[in-house]
Each structure stands twice: as C-alpha cells, then as structure tokens.
Amino acid sequence: MKRRLFTLAAALAITGGSALAQTKWDLPAAYPATNFHTENLTQLAADVDKATGGKLKITVHANASLFKAPEIKRAVQGGQAQIGEILLVNFTNEWALFGADGLPFLADGYDSAFKLYQAQKPLLQKKLDEQGMVLLYTVAWPPQGIYAKKPINSAADLKGVKWRAYSPATARIAELVGAQPVTVQAAEFAQALATGVVESTMTSGATGVDSKLYEHLKYYYDTQAWLPKNAVIVNKAAFTALDKPTQDALLKAAATAEKRGWDASRKVNTETLAKLKAEGMQVLQPSPALKADLQKIGETMLKEWLEKSGADGQALVSAYKK
C-alpha cells in the first residue's frame, strides 16, 4: 500500500511539474524602474504571468542594466534576449521608416502621433518580421521640447551649444542649428550635465524629471516637436515556440499595455511639466521666431527623409495625411 501511494505521489509530482513547465524571458529596458514605460513593462509581465498561470515569466531589466539602449534590438534579433523595448528613432540609419516619428512637426500632439503610428504600423510589422522579430506594441513619449541653460529666442541662440543627441534626428537638428551634438544615453545624462559635457537637449518632460534636468538647466521650451515611440519587440523564434494559448495571452496583454501606455504618457506629460515648474524651471512657449526656425528645420528634415525612405516613406506620409 505504501509503495502504491509513493508511486501515485511520484506520478503527481511529474505531471504537476510538466503542467507548471515555465518559459523564462528576459526583457532589457533602457529607462529607470520609475519611468512610466518601465512601469508599463512591469505590469505587462505581471499580466502575462497571471494570464498564463505562471507558464511565461518575463523579467524586466530596467535602466540599461542588461543591455544599453542601442544594443537591445540586436540582442532580441539574435536571441540573447527574448523580448525588449527599443526607441524606434535610434534605428533610423538602419531603415528610414524607424525614424518617422522623429521628424520635427510632422505629428505634434497625441492624436496626430497615434494617427502616424497607424500609418507606420503595417510597414513596421513587415520589416521586423523580415528581421526575425514580432512587434508587440508601441507607446509614445510625451512631446519633445528644448532644455537650455540660457534663454532661447531663436535657433541662432543654439549656435555652438553642447547639445545632447540621442538619435540621428536629434543629431541632425543640432547640425542644422549649428549646435555641437554629443551622444549621451539616458542612464548617463545627469552625469554629463553635471560635468559640463552637455548644456542643452531636446527631449520630453518625462526624461527631464527622470534625469533631474532642473538641477542643471533653467529653461524648458514646450515646442511639442514630435512624439517618438518606444516599441516592444519579441524574437520571432521565441514567440513561435510558445503554445497558442500563451501566444494569445501575450498578445492580449500587449494590446492592453499599448492603451495603458498611451494614456499614461498623456498623464505623465501634464504631471512632469508641473514638476519641472515646481522645481524652479521656467516652462515656456517658444517665441514665434523660434517656432518659425524649427518649422523650417522640420521641412528640411522631412524632405531629406523622403529622399532616403523612397516609395515606402512617401506611402506612409500620404496615408498619414489623408
């Protein structure tokens, strides 16, 4: 009798073990754990864990602790990480359409940014599929503005300024205004400001608060120049290896995360601009001269981008402007 009970217990342990067989994924992210994008990823991981009954466990590695921002896409593509979050505009030199949402003043608010995403999405999905990846979802950053140590009344005031560039588009803006582009990752931004490596940049209110830019810079111009998107991507082989119910649970959680992320971005934009003001930063509207200068830069960059992106770029812009 004892032997039979032991055999039954062993059988239950074996079947129980297989029922609880776990797939573990690593998710590298470039931003702090407190950033709204990272909080959204953490919630995604919790939702997937719950929906799959623990079958798919996703560990979020925040603040570039596993891979630095520019390395994450290659890590997911090559299977070093199964899932990751990237800033699309970082890869515009690889494929122009990754940078569509980094074009100044093409889409300058949440509704227009979401409309641009709808035009961009099928092209993004196709490209990532060709590269062995699946697009899960995207979330826009709050609109981008100019941070500076001194007042900026026109583009001429940015001449010679050490300007933090985090993408090819921000580097190109620096060139067009005569600033000195300096490449600095988000995780190293505060240190670069403290040591004088950087004295101006174009980024969101959210990054301004994350990096405590108010400790080093005095002015923020709310230009709403563009809303770049983070994309969450999955290695296609890793996705295909999941059973159908787990795939479906992941896709459903991703759709929820996309909506939650865009809503959070709007909320964060309002809150972070208020926080910048509370910390003593002057949050200002751009002067008509600065706005006109930036519009010209936007037109130049759109023209250059359309030349590089060819028929796909033209199709995207036409679909967006319909």
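Select helix α5 and show its neighbours: its buried residues pack against β6, β7, β8 and α10 (288-321). The model is predicted, with pLDDT of at least 70 needed for local features and 80 or more for side-chain atom pairs, while totals for chains, interfaces and linings use all residues. Residues are numbered from 1 along each chain as its sequence is written, and side-chain values use heavy atoms, with hydrogens and water left out. Helices (H or I, at least four residues) and strands (E, at least two) are DSSP runs, numbered from the N terminus.

**Helix α5**

Stay on α5 and colour Ala169, Thr170, Ile173, Ala174 and Val177, which are buried. Buried stands for under 20% relative accessible area, exposed for over 50%, and partly exposed for values in between (1.4 Å probe, protein chains only). Looking down the axis of α5, the buried residues fall within an arc of 145 degrees, so they line one face of the helix. That arc is taken over the directions from the helix axis to the C-beta atoms. Glycine 178 follows α5, and its phi is positive, near 80 degrees.

**The six-stranded sheet**

Next select the strands in the order β7-β6-β8-β5-β9-β11: the six form an open sheet with mixed pairing. Two strands count as paired if DSSP finds at least two bridges between them. At the edges stand β7 (180-183) and β11 (282-284), each with a single partner strand, so one side of each has no neighbour in the sheet. From one strand to the next the twist averages 30 degrees. Axes here are lines fitted to C-alpha atoms, for helices over the stretch in contact, and angles run from 0 to 180 degrees between N-to-C directions.

Tyrosine 219 stands opposite glutamine 282 in β11. Now bring the helices back. Helix α5 (residues 168-177) packs on this sheet and touches β6 (162-165), β7 and β8 (200-204), its direction making about 160 degrees with that of β6. Contact requires heavy atoms within 4.5 Å. Helix α9 (residues 244-278) also packs on the sheet, touching β5 (144-148), β9 and β11, and its direction makes about 135 degrees with that of β11.

Which residues does proline 181 touch, not counting those up to four places away in sequence? Select proline 181, which is found in strand β7; the residues are Trp163, Ala165, Ala171 and Ala174. Proline 181 is partly exposed, with a relative accessible area of 39%.

**The three-stranded sheet**

Select β3, β10 and β4. These three strands form an open sheet in the order β3-β10-β4, with antiparallel pairing. The edge strands, β3 (83-87) and β4 (133-140), each pair on one side only. Here the twist averages 25 degrees from one strand to the next.

Five bridges join β3 to the antiparallel strand β10 (residues 229-235). Within this pair, isoleucine 83 stands opposite valine 234 in β10. α4 lies across β4 and β10, running at about 150 degrees to β4. α9 packs on this sheet as well, touching β4 and β10, and its direction makes about 20 degrees with that of β4.

**Salt bridges**

Switch to side chains. A salt bridge is a side-chain nitrogen of Lys or Arg within 4 Å of a carboxyl oxygen of Asp or Glu, and by this rule there are 16 salt bridges.

Select lysine 236 and aspartate 129, whose closest N and O atoms are 2.9 Å apart in a salt bridge. Lysine 236 lies in helix α8 (residues 236-240) and aspartate 129 in helix α4 (residues 110-130), so the pair ties together parts that are 107 residues apart in sequence. Lysine 236 is partly exposed at 28% relative accessibility, and aspartate 129 is partly exposed at 38%.

Return to α9 for two further pairs. Aspartate 248 forms a salt bridge with lysine 244, with 3.0 Å between the closest N and O atoms. Both lie in α9, four residues apart, about one turn of the helix. Aspartate 248 is partly exposed at 36%, whereas lysine 244 is exposed at 53%.

Further along, the side chains of glutamate 271 and lysine 267 meet in a salt bridge (3.1 Å, N to O). Glutamate 271 is partly exposed, with a relative accessible area of 43%; lysine 267 is exposed, at 53%. Finally, select Arg172, Glu175 and Glu304, which salt bridges with shared partners join into one network.
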